[in-house]
Amino acid sequence: MQQLSEADISAIKDESARAYELDRAHVFHSWSAQELLEPMTVSRAQGSTIIDGQGQSFLDFSSQLVNTNIGHQHPKVVQAIKDQADLLCTISPAHVNGARSEAARLITDRTPVGLDHVFFTNGGADANEHAIRMARLHTGKHKVLSRYRSYHGGTETAVNVTGDPRRWSNDRGDSGVVHFFGPFLYRSEFSATTEAEETERALRHLERTIELEGPSTIAAIILETIPGTAGIMLPGSDYMRGVRALCDKHDIIYIADEVMAGFGRTGRWFAFEHFDVVPDIITFAKGVNSGYVPLGGVIMDDAIYGSFAQKAYPGGLTYSGHPLACAAAVATMKAMDEEGMMEHARRIGEEIIGPRLRQIAENSKHVGEVRGVGAFWAIELVWDKESREPLAPYGGGSPEVASVVAALKEHGVVPFSNYHRLHVVPPINISEEDLETGLGVFEKVLTDLDFSR
Ligand code: PLP
């Protein structure tokens with residue numbers, strides 16, 4: 001990040017004070033009690049750094065809801081957006097546009113053979129809405145199965161397939177969605193003590209759920225390959241292969257929600273590549289262009305595409321395949337290749353983040369488990385390692401977790417936190433120096449913790 005001058009800082013302070021005042025008067029924030037909020041003002045960012053309203057720098061270990069995989073203000077992506085804006089800012093999805101065609105080509109170049117068609121959306125929730133609609137129309141069946149520990153978006157169907165408590169206030173129970181437990185050994189629902197047992201029991205539970213719900217009623221199973229917001233729990237390969245086999249056996253569409261885990265977050269283009277499975281539908285958003293301009297989409301296989309080859313697909317969006325968003329996606333995918341970001345993400349996960357977090361877990365009274373891959377890691381905060389009782393209740397926060405987040409921020413790191421967890425999810429191209437600095441802050445804050453009741 002360029003050093004800010006006194007004049008820059010003074011300008012940032014002035015504009016931020018006004019922005020804050022107007023925000024609190026007029027902006028309605030997501031998932032929040034409006035009058036209990038004290039949001040951070042950010043008007044500048046660069047790479048892995050964001051600058052607050054006082055001109056103070058913070059390491060962004062949240063990637064803005066696990067979104068800016070390529071970091072802030074990547075010059076190639078910024079330039080691509082400017083170049084496209086000079087040519088054409090918007091065009092309806094009914095027309096062909098070069099940026100859109102090229103984005104679809106580059107995306108499908110990165111998918112397994114047979115997943116060759118992209119329906120563009122504005123983000124992740126609407127990608128899941130459309131993926132489910134396509135699966136229902138293709139199969140002629142209605143029910144959708146999804147995991148309790150999952151997040152699939154805030155719109156109607158997406159929030160109903162979501163497992164976590166954000167679903168509750170929108171869920172009338174008539175959505176055709178049935179939830180099940182996925183594997184998660186640390187908090188096993190199956191009394192398993194080994195990964196193999198957890199996998200086997202979780203698969204048996206899913207199979208029984210399918211049988212008892214009736215395979216002839218189930219259109220799709222939607223799974224985050226690695227659940228993100230719900231805790232970054234890596235499944236075993238056998239689990240994913242087992243899900244694929246159950247879908248094949250019962251003529252159920254397997255939708256891989258790669259909105260958070262896709263486009264490099266785990267060190268691969270798609271997280272399912274780690275598990276040797278191929279879905280029927282992939283949904284994506286976030287990392288495809290790091291959210292520089294909103295973009296998401298549904299990638300479908302040839303069979304599902306075939307259902308809409310001769311009859312119209314009943315769905316669409318004004319901004320589907322928006323040229324500015326697609327130009328940003330093209331530049332993002334190219335920059336990721338040119339700058340070796342996949343290898344970097346894999347390496348920092350294996351050699352730096354994993355070992356450092358495991359060491360922190362050993363030395364901290366309140367870190368129960370750390371887990372992850374690439375630049376996608378979770379820290380499980382507990383009252384004590386024996387009981388594993390979460391440091392905040394399911395679906396809520398606690399003063400203890402709030403104090404940990406505040407301490408990290410005080411030392412210059414903005415984390416992603418959810419309930420009793422902290423997630424270490426910096427941009428996948430973060431420099432080793434910034435990464436070490438940020439992890440040093442986690443180490444200091446977490447090893448110093450000493451809560452009692
Ligand atoms: N799916 C997953 C796995 C997500 O993590 C998210 C958002 O965090 C969504 C879907 C929803 O995406 P959006 O917020 O772009 O609608």
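# Note on the predicted model

1. Y419 is found in the loop between strand 13 (413–418) and strand 14, where helices (H or I, at least four residues) and strands (E, at least two) are DSSP runs numbered from the N terminus. The phi angle of Y419 is near 55°, which is a positive value in a residue other than glycine. Y419 is buried, because 20 other C-beta atoms lie within 10 Å; a residue is called buried if 20 or more other C-beta atoms lie within 10 Å of its own, exposed if 12 or fewer, and partly exposed in between, with C-beta atoms placed from the backbone.

2. This is a predicted model, in which local features need pLDDT of at least 70 and side-chain atom pairs count only at pLDDT 80 or more, while totals for chains, interfaces and linings use all residues. Residues are numbered from 1 along each chain as its sequence is written.

3. L65 also has a positive phi, near 60°, in a residue other than glycine. L65 belongs to helix 2, and it counts as partly exposed because 15 other C-beta atoms lie within 10 Å.

4. As for the overall fold, the chain has 13 helices and 14 strands, and its C-alpha trace spans about 65 × 60 × 45 Å along the principal axes. For 453 residues a compact globule would have a radius of gyration near 22 Å, and the chain, with 22 Å, agrees with this; the radius is taken over C-alpha atoms, and the globule rule is 2.2 Å times the number of residues to the power 0.38. Buried residues make up 48% of the 453 residues. Of the contacts with a separation of 6 or more, 73% are accounted for by residues 24 or more positions apart, two residues being in contact if their C-beta atoms, placed from the backbone, lie within 7 Å.

5. The chain is divided into domain 1 (6–73 + 340–448) and domain 2 (75–339), with bounds that come from an automatic or database domain assignment. The C-alpha centres of domain 1 and domain 2 lie 25 Å apart, and the contact takes 31 residues from domain 1 and 29 residues from domain 2. On the side of domain 1 that touches domain 2, the elements giving two or more residues are helix 2 (63–66), helix 11 (341–363), strand 11 (367–373), strand 12 (376–381) and strand 14 (421–424). Helix 11 gives the most to that side, with five residues. By class, the residues of that side of domain 1 divide into 13 nonpolar, 13 polar and five charged, where Ala, Val, Leu, Ile, Met, Phe, Trp, Tyr, Cys and Pro count as nonpolar, Asp, Glu, Lys and Arg as charged, and the others, Gly among them, as polar.

6. The largest nonpolar core has 119 residues, and those with the most contacts inside it are A220, I221, I255, I281 and A328; such a core is a set of buried Ala, Val, Leu, Ile, Met, Phe, Trp, Tyr and Cys residues joined through C-beta atoms within 7 Å. Helix 10 (residues 323–338) gives the most to this core, with ten residues. Both domain 1 (6–73 + 340–448) and domain 2 (75–339) give residues to this core, so it lies between them. Leaving aside its neighbours within four places in sequence, I221 is in contact with L145, V243, C247, I252, Y254 and I255.

7. The ligand has 16 residues around it, of which G123, G124, A125, G153 and V259 come nearest; a residue is placed in this shell if its C-beta atom, placed from the backbone, lies within 6 Å. Helix 5 (residues 124–139) gives the most to the shell, with three residues. By class, the shell has six nonpolar, eight polar and two charged residues.

8. E211 counts as exposed because it has 11 C-beta neighbours inside 10 Å, whereas L206 is buried, with 21 other C-beta atoms within 10 Å. L206 is in contact with F180, V243 and L246 when its neighbours within four places in sequence are left aside. The C-alpha atoms of L206 and H179, 27 residues apart along the chain, are separated by 9.6 Å, while those of E211 and E21, 190 residues apart along the chain, are separated by 56 Å.

9. I91 has its place in the loop between helix 3 (75–87) and helix 4 (98–109). With 14 C-beta neighbours inside 10 Å, I91 counts as partly exposed, and it touches N97 and P323, not counting residues up to four places away in sequence.
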